[in-house]
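We'll hop from element to element, with a note on what to look for at each stop.

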Amino acid sequence: MRLLVKRSNLLLLQCTAQLRQATGMATGSQFHKLATSTKSAATGAQLDIKNDNNTMKASVTQSAAATSALTDSFGRHHTYLRISLTERCNLRCDYCMPAEGVPLQPKSQLLSTEEVLRLARIFVEQGVRKIRLTGGEPTVRRDIVEVVAQLKALPQLEHVGITTNGLVLTRILLPLQRAGLDSLNISLDTLRKERFEQITRRKGWERVIAGIDLAIQLGYRPKVNCVLMRNFNEDEICDFVEFTRERPVDVRFIEYMPFTGNKWQTERLISFKETVQTIRQRWPEFQPLPNGPNDTSKAYAVPGFAGQLGFITSMTEHFCGTCNRLRLTADGNIKVCLFGNKEFSLRDAMRSEDCTEQQLVDLIGAAVQRKKRQHAGIGSDRSRTLLHPHQLQLAQQRNCSGLTHINAQGKAQMVDVGDKALTTRTASAEATVHVGERLTALIAANELAKGDVLSVAQLAGIMGAKQTSYLIPLCHNISLSSVRVQATLIEQQHYVRLVATVRCSGQTGVEMEALTAVSVAALTVYDMCKAVSHDICIKNVRLMSKSGGKRDYQRQ
Ligand SMILES: Nc1nc2c(ncn2[C@@H]2O[C@H](COP(=O)(O)OP(=O)(O)OP(=O)(O)O)[C@@H](O)[C@H]2O)c(=O)[nH]1
Ligand SMILES: C[S@@+](CC[C@H](N)C(=O)[O-])C[C@H]1O[C@@H](n2cnc3c(N)ncnc32)[C@H](O)[C@@H]1O
Ligand code: SF4
Ligand code: SF4
């Protein structure tokens, strides 16, 4: 606790006082420390995948010499950056988003056009040769054409593509092509209008089909992404093959993947092998084609058809061994694997005044160094079938000693949560600060010399939650989706009640964040009041509830 007191006060001194505090930004020197420490701690593994498809892609990856910052501990060069331009979407695909959409961050938290372009340039200078714009739905971002045009102005960048649901292509594809767009992947899970409306919870099937046809007319050979799901579109497998007879498109069947809240069920997965069997019953001549070195999809075709087929086998035959991909989230986090947690906020680093370009490169390098061999995080056999989340959990339990924070050599370790399923986790904690009658009156009248106690405590609590992993030695660095701190003066009993509720989508819980939030908020109340009296007592720092993990908890 003493450590917490000292560090949190230090933190408040470092990061507060200015408006920086409100946004939770760290200082440049903190980022420098982070980059350095993560670098030196980067002995383990993390994850990521991937690659491209046509001959053009092959030349992209072969020609690009990624610098050491983009080379991970398994020797994989990362030459492909996927930038999520937005979290928003104009569809609500059942397997991807809840009907009400995902919680959106304020615009100020998202990367601006300039920030996207600056980070893209840094990645390109480090060796990235292909950028894909994705989302959410990238076309809902107004600056999409400008972003493509500016990216195409980067001399070393060889390829700019987008992945889109195709809804507005008939409106924006021409400007995108003029801006230099090299390729596009269009998602379409069904060739039946009514099913489209069922799975996407929106209208627009005809527009997507028109978008695909326009892309062909404009000379593209679009990829059409189709997520296969049992009891939904398995009866359309041959229809999609038929779709390639006259159209020069690359239809790719994607194995349904588990993501937070998408009601993933093993039985809904239709494997690559099963799909090939289905197609061969109708077209026995259906045959594999050569693949590029970093391809995520296994290419096939029916001889004589204008288009081709592909299989993205993320679940049954992963392709992590040749992964060359990094991700940048819409709010500026670097993610080294599709299935990994968000890593560091490049946005925060970039926005802090004293952060140099080299420090950004160091942060990127540190994240890349932490990348795991593969997304299951277990074993190294490339042909191993990926474990399902429940199997992963069992395997993890078996790997654990009794003490999850102690390894076999008796040394401290963070628990590896890389294999846990992503879930929405919440935790709520409270603390009370008993200040006595006189201070109660001063707080109520907002007459303390240091300022508005409740507001500052609230801000400090939010900041505290975000700093938990730096304060508590073996805590994970979690990307929080929301932190709410309430500070209420209970005048009758002369105390301040602090309640923090923290939420994340992740693989580990946030109770430490909630407890840290109320602890730091409580210390802040103390700090704001101590000039008047030292007769202040912090009590009842305790967890109230938590949910989303193995065991929910509710204080009675
Ligand atoms: N496991 C894994 N799957 C990925 C990754 N990137 C994309 N995918 C899968 O590929 C599907 C299609 O993604 P797209 O956005 O079209 O990208 P892509 O297929 O990588 O695109 P290309 O650049 O054309 O190769 C996604 O829905 C995922 O299922 C990755 O890094 N890892
Ligand atoms: C998340 S979307 C973003 C870009 C754009 N909105 C789109 O739909 O193409 C990128 C791709 O991920 C795929 N996808 C989303 N959820 C998936 C899941 N649970 N399993 C497999 N693929 C998924 C989509 O089908 C789409 O092809
Ligand atoms: S799961 Fe992760 S490591 Fe594997 S291919 Fe995808 S991004 Fe790369
Ligand atoms: S898959 Fe794409 S279009 Fe569908 S909800 Fe997700 S982001 Fe939107």
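Helices (H or I, at least four residues) and strands (E, at least two) are DSSP runs, numbered from the N terminus.

Some housekeeping before the next click. This is a predicted model, where local features need pLDDT of at least 70 and side-chain atom pairs count only at pLDDT 80 or more, while totals for chains, interfaces and linings use all residues. Residues are numbered from 1 along each chain as its sequence is written, chains are lettered from A and ligands numbered from 1 in the order in which they are written, and side-chain values use heavy atoms, with hydrogens and water left out.

**Stop 1: α15**

Select α15 (436–444) and show side chains. Leu439, Thr440, Leu442 and Ile443 are buried. They cover an arc of only 165° around the axis, so they sit on the same side of α15; the arc is that of the directions from the helix axis to the C-beta atoms. Turn to the other side of α15 and you'll find Glu437 and Arg438, which are exposed.

Now step off the end of the helix. Just after α15 comes asparagine 446, with a positive phi of about 55°. Asparagine 446 belongs to the loop between α15 and α16 (453–466), and its 45% relative accessibility is why it counts as partly exposed.

**Stop 2**

Next, colour the five strands of the open sheet ordered β13-β14-β12-β15-β16, whose pairing is antiparallel. Two strands pair if DSSP finds at least two bridges between them. The edges are β13 (480–490) and β16 (553–554); each has a single partner strand, so one side of each lacks a neighbour in the sheet. α15 packs on this sheet, touching β12, β13 and β14 (495–506), and its direction makes about 115° with that of β13. For such angles, axes are lines fitted to C-alpha atoms, for helices over the stretch in contact, and the angles run from 0 to 180 degrees between N-to-C directions.

Zoom in on β12 (residues 423–434) and β15 (residues 537–547): they run antiparallel and are joined by eight bridges. To see one of the pairs, select valine 433 and its bridge partner in β15, isoleucine 538.

**Stop 2: serine 469**

Serine 469 is in helix α17 (residues 468–471). Its relative accessibility is 15%, so serine 469 counts as buried. Which residues is it in contact with, leaving aside neighbours within four places in sequence? Select Cys475, His476 and Asn477.

**Stop 3: the 11-strand sheet**

Move over to the other open sheet, where 11 strands run in the order β7-β8-β9-β6-β5-β4-β3-β2-β1-β10-β11 with mixed pairing. β7 and β11 (334–335) stand at its edges with a single partner strand each, so one side of each has no neighbour in the sheet. Helix α9 (residues 205–217) packs on the sheet, touching β4 (183–187) and β5, at about 160° to the direction of β4.

Click on β8 (residues 297–301): four of its five residues are buried, so the strand is largely enclosed by the rest of the structure. Two bridges link β8 antiparallel to β7 (residues 287–288), with glutamine 287 partnered by alanine 301. β8 also pairs with β9 (residues 308–312) in the antiparallel sense, over four bridges, and lysine 298 stands opposite phenylalanine 311. In the hairpin of β8 and β9, with six residues between the strands, find glycine 304 and its positive phi near 95°.

**Stop 5**

Most residues other than glycine have a negative phi, and most peptide bonds are trans. Asparagine 231, in the loop between β5 (223–228) and α10 (237–243), has a positive phi near 65°. With 71% relative accessibility, asparagine 231 counts as exposed.

Then select glycine 135 and glycine 136: the peptide bond from one to the next is cis, with omega near 20°. Glycine 136 lies in the loop between β2 (130–134) and α6 (144–152).

Terms used:
Buried means under 20% relative accessible area, exposed over 50%, partly exposed in between (1.4 Å probe, protein chains only). Contact means heavy atoms within 4.5 Å.
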